[in-house]
Amino acid sequence: MAAKSSGQLPVAKAINESLRASLEADPKVLVMGEDVGKLGGVFRVTDGLQKDFGEDRVIDTPLAESGIVGTAIGLALRGYRPVVEIQFDGFVFPAYDQIVTQLAKMHARALGKVKMPVVIRIPYGGGIGAVEHHSESPEALFAHVAGLKCVSPSNANDAYWMMRQAIESDDPVIFFEPKRRYWDKGVVDTSAIPAPLHEAHVARPGTDLTLAAYGPMVKTCLEAAAAAEEEGRSLEVVDLRSMSPIDFDTVQRSVEKTGRLVVVHEAPVFYGSGAEIAARITERCFYHLESPVLRVGGFHAPYPPARLEEEYLPGLDRVLDAVDRSLAY
Amino acid sequence: MTVESTAARGTSRSSSGKRTAAAKTAAKKAPAKKSASRAKRGSAPAQPELVQLLTPEGERVEHPDYAIDLKPEELRGLYRDMVLTRRFDSEATSLQRQGELGLWASLLGQEAAQIGSGRALRDDDYVFPTYREHGVAWCKGVDPANLLGMFRGVNNGGWDPNSNNFHLYTIVIGSQALHATGYAMGVTKDGADSAVVAYFGDGASSQGDVAEAFTFAAVYNAPVVFFCQNNQWAISEPTEKQSRVPIYQRAAGFGFPGVRVDGNDVLAVLAVTRAALEHARSGQGPMLVEAFTYRMGAHTTSDDPTRYRADDERVAWEAKDPILRLRTYLENEGLADEAFFAGLEKESEELGVSVREKIRTMPDPDTMAIFENVYADGHALIDEERAQFAEYLASFADADETAGTAGRGH
């Protein structure tokens with residue numbers, strides 16, 4: 001492919017370009033979901049794809065999530081590489097059985113004889129003033145399941161490349177799209193050699209404390225680090241990019257340097273990915289830690305109505321509050 | 001107990017002269033076709049009509065919409081398939097009783113539904129089974145011993161689905177109907193004329209996944225045959241706890257044909273499944289076949305049917321035994337001689353011996369198989385846990401040597 005930079009693209013458009021490139025590169029790639037065709041998806045992520053690749057490859061499905069994932073499994077068994085869209089995070093649960101019970105286990109059940117190259121795209125997270133079931137962060141419910149991989153890009157370039165890599169993966173990948181960041185622009189370098197899909201990235205180097213996040217919270221953490229710098233604190237921000245597997249080596253290296261870790265995600269902290277990271281990093285870095293690993297995230301309550309989400313979601317102040325508490329040890 | 005003796009037992013029962021509803025010969029027209037059968041046959045049946053070509057008494061009857069004309073060797077072949085399938089099944093039940101299997105789901109009574117449909121398939125057709133399709137597996141050439149692995153507990157599936165176009169057994173009820181539909185959508189995209197069969201039961205007909213499969217298959221005109229073995233019981237729940245209409249009638253609401261066939265009549269099942277497969281591969285989309293049959297045994301070896309159903313029901317269905325009626329037909333028509341039956345008895349014994357030997361020598365998997373094939377492209381956590389567990393196991397190496405169990409893989 002000719003080297004080219006797409007310049008500044010919003011995250012949603014970067015995913016669109018990624019899907020387009022994947023559809024062009026491999027005739028077995030399919031895009032399927034509710035309203036992904038003529039409408040281009042409710043977030044326009046699949047805009048124009050059906051027009052260019054036809055109804056056979058960009059498929060408007062019946063409104064049945066289990067059916068979408070279940071038939072995607074059958075298509076994968078036939079040799080296709082379906083990329084399915086679940087319209088919103090809170091709508092994935094009718095498909096949860098097919099994902100957990102069938103998709104995740106098929107490769108092992110067949111003793112490795114079949115592969116399940118299925119990508120499940122889920123626009124997730126809050127911050128857009130949506131109604132109930134449109135703002136959830138269910139990633140831990142999938143990261144907990146062996147056989148699945150879970151990733152979430154935080155910026156346009158990652159959105160492009162991680163989607164390409166997810167589609168090329170022979171394992172099922174749950175691709176969590178940070179919907180509040182869909183409109184954030186960034187440079188997409190389509191000629192770059194991307195980092196491995198499940199490798200974390202130090203988004204901002206620092207020396208005093210590590211902030212670890214993924215998806216929509218990376219931007220929040222970068223803003224927090226910028227604010228902390230004004231107070232003379234040097235925060236390192238690790239963009240995990242992948243929630244399963246988690247690149248603990250990169251986090252470990254960072255924590256061995258800073259001695260402090262705060263994990264930030266929108267999902268509830270109880271049994272969340274922050275809990276897993278805290279446990280693992282405590283095991284790995286016990287003698288390097290100057291303070292307990294702290295977590296900032298959602299509460300053990302249903303996602304609140306939109307008028308309360310500003311208070312509910314981790315923002316700059318809540319992240320910096322945790323930073324203060326960590327540094328106070 | 002041999003298969004032949006089971007059939008003989010059935011003979012004495014059927015001679016009581018009682019006829020049950022399902023034994024009434026009644027015609028069910030294929031929805032796409034016109035049929036004058038009702039008028040010709042006089043009184044309306046009390047039960048929904050079902051396609052039958054061989055009565056429980058072994059009498060060959062005709063049906064206006066579904067004809068079949070088989071050579072004597074083909075008829076003997078169907079008989080052989082059913083006898084050997086039953087033998088394999090009873091052997092597996094015995095092996096469970098002997099502790100060689102953790103569980104077994106017997107197909108006793110459903111041989112005609114499975115052999116009739118299985119023998120309608122072409123090699124390139126693809127099957128998505130439940131966990132009871134031992135007869136269909138037989139028709140697709142799957143090594144019977146392979147079916148036992150998951151019931152013995154040495155794997156959770158255990159064969160390459162693509163080597164025989166026979167997907168892994170699916171335990172969660174109805175899930176595979178969607179896989180079959182997706183696979184069939186892929187067949188269409190490939191421009192192939194293969195067909196796909198989704199097997200499921202009367203209980204599964206209540207599952208949302210089955211309803212969604214019907215919807216997707218209809219909307220995309222997918223070449224899939226939904227083959228429901230209505231064996232009357234979903235563990236302890238009778239079919240009336242699943243549906244207020246005969247299951248085959250559900251198809252109409254989704255916009256494709258449904259037909260009920262006598263599931264204990266191998267000829268009718270073969271004819272109807274052939275027609276349904278042809279319907280699918282000729283671009284006419286899905287079809288639902290309800291094979292009306294009976295689960296003669298327990299749901300599985302862990303089940304106790306005496307808690308929920310009367311024995312006289314089972315006795316009544318014994319008179320409709322699928323193997324017995326074909327044997328009667330073969331004998332009455334002089335299509336098979338004593339040498340055939342004797343040869344089959346011998347083959348049946350040999351199959352039993354072979355299955356017993358294979359299962360008793362089936363090795364346990366290596367401990368580290370826990371970590372195998374979880375991912376196709378690997379996963380850092382699995383690598384870490386595998387290494388840690390290997391190290392943990394290795395810490396017992398000295399003790400193992402002392403106990404004389406070294407070399408067992410850990």
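Below is a short chat about this structure.

Q: Before we start, what kind of model is this?
A: It's a predicted model: local features need pLDDT of at least 70 and side-chain atom pairs count only at pLDDT 80 or more, while totals for chains, interfaces and linings use all residues. Residues are numbered from 1 along each chain as its sequence is written, chains are lettered from A and ligands numbered from 1 in the order in which they are written, and side-chain values use heavy atoms, with hydrogens and water left out.

Q: OK, cores. Which residues have the most contacts inside the largest nonpolar core?
A: A:Ile99, A:Ile120, B:Phe226 and B:Leu326, in a core of 150 residues. A nonpolar core here is a set of buried Ala, Val, Leu, Ile, Met, Phe, Trp, Tyr and Cys residues joined through side-chain atoms within 4.5 Å; buried means under 20% relative accessible area, exposed over 50%, partly exposed in between (1.4 Å probe, protein chains only).

Q: And which helix gives the most to this core?
A: Helix H11 of chain B, residues 266-284, with 10 residues. Helices (H or I, at least four residues) and strands (E, at least two) are DSSP runs, numbered from the N terminus.

Q: What does A:Ile99 touch?
A: Leaving out residues up to four places away in sequence, its contacts include A:Val69, A:Ile120 and A:Phe142. Contact means heavy atoms within 4.5 Å.

Q: Switching to the sheet: what's the strand order in chain A?
A: E9-E11-E10-E13-E14, an open sheet of 5 strands with mixed pairing. Two strands pair if DSSP finds at least two bridges between them.

Q: Why is one side of E9 and of E14 left without a neighbour?
A: Strands E9 (201-204) and E14 (294-298) of chain A stand at the edges, so each has a single partner strand.

Q: How do E10 and E11 of chain A run?
A: Parallel, joined by 5 bridges between residues 209-213 and 235-239. A:Thr210 stands opposite A:Glu236 in E11(A).

Q: Last topic: how many disulfides over all chains?
A: 0. A disulfide is a pair of cysteine sulfur atoms within 2.5 Å.
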